[in-house]
Amino acid sequence: MVSILGLLAITAYALCAALQILVWNPLSAVPGATLNEIHEGLARRNESISLAAVVTWSSIGSVLGALVVLLTARRVISRMRTVAILQLLILVLGAPMYFFASFSPGMALADAFFISGGDYSPWGRLLYLVSGTALTGMLIVMIFRGKSGVHSARA
């Protein structure tokens with residue numbers, strides 16, 4: 001169950017990252033323009049946002065999450081704690097993957113529309129927040145091992 005919930009969270013993150021790069025950020029970066037007008041403006045400046053590259057980079061986490069589910073189902077990974085750490089780690093790595101996947105499209109927008117290449121939509125910051133929260137959760141799971149046996153030994 002933990003592996004499947006992790007996969008769902010990772011897939012939602014990947015979908016939001018792809019939408020942020022391909023739709024939400026361009027619309028926020030060039031207010032008042034439609035997505036078609038933005039792509040036409042990019043083309044006039046010999047710039048583009050590669051759908052294939054964004055989808056490829058965004059899907060890596062989902063593939064890794066599915067691998068954890070498969071390994072869990074086959075009992076290669078049997079400890080829930082290990083599954084949680086792996087799925088949280090994939091979410092943590094979503095932030096650098098998002099940065100890497102969004103860098104080229106951001107620069108294309110910057111070059112075509114004479115703006116900065118950063119995030120204009122607030123959803124990029126939310127992705128970083130989710131990765132930061134996953135890092136905190138992962139560290140908590142790693143630090144606190146559930147030492148319930150220690151208390152019962154003293155009683």
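Colleague: So where is Phe-114 found?

Modeller: Phe-114 is in the loop between α5 (94-113) and α6 (123-143). Helices here are DSSP runs of H or I with at least four residues, strands are runs of E with at least two, and both are numbered from the N terminus. Keep in mind that this is a predicted model: local features need pLDDT of at least 70, side-chain atom pairs count only at pLDDT 80 or more, and totals for chains, interfaces and linings use all residues. Residues are numbered from 1 along each chain as its sequence is written, and side-chain values use heavy atoms, with hydrogens and water left out.

Colleague: Is Phe-114 buried or exposed?

Modeller: Phe-114 is exposed, because its relative accessible area is 64%. The cut-offs are under 20% for buried, over 50% for exposed and partly exposed in between, using a 1.4 Å probe and protein chains only. Its phi is near 55 degrees, a positive value in a residue other than glycine.

Colleague: And what is phi of Arg-75 near?

Modeller: Phi of Arg-75 is near 65 degrees, also positive in a residue other than glycine. Arg-75 sits in the loop between α3 (51-73) and α4, and it counts as exposed because its relative accessibility is 66%.

Colleague: OK, surface next. Which residues form the nonpolar patch?

Modeller: That's Trp-57, Ile-60, Leu-64, Leu-67, Leu-70 and Phe-100, with about 530 Å² of accessible area together. Areas come from the Shrake-Rupley method with a 1.4 Å probe, and for residues only the protein chains shown count as cover. Patch residues have over 30% relative accessible area and no salt bridge; nonpolar side chains (Val, Leu, Ile, Met, Phe, Trp, Tyr) are joined within 5 Å, like charges within 9 Å. A salt bridge means a side-chain nitrogen of Lys or Arg within 4 Å of a carboxyl oxygen of Asp or Glu. The largest share of the patch, five residues, comes from α3.

Colleague: What about Trp-57 itself?

Modeller: Trp-57 lies in helix α3 and is partly exposed, because its relative accessibility is 33%.

Colleague: How much space lies in the largest pocket?

Modeller: About 210 Å³. Of its 17 lining residues, Trp-57, Ser-58, Gly-61, Gly-94 and Met-97 are the closest to the centre. A pocket, on a 1 Å grid over the protein atoms alone, is an open set of points with protein on both sides within 12 Å along at least five of seven lines, a cavity is a set where a 1.4 Å probe fits but cannot get out, and lining residues have an atom within 4 Å of a point. Points are joined across faces, edges and corners, and the volume is the space filled by probe spheres set on them.

Colleague: Which element gives the largest share of that lining?

Modeller: α3, with six residues. By class, the lining has 13 nonpolar, four polar and no charged residues. Ala, Val, Leu, Ile, Met, Phe, Trp, Tyr, Cys and Pro count as nonpolar, Asp, Glu, Lys and Arg as charged, and the others, Gly among them, as polar.

Colleague: And the second largest pocket?

Modeller: That one has a volume of about 180 Å³. Its largest share of lining, eight residues, comes from α5.
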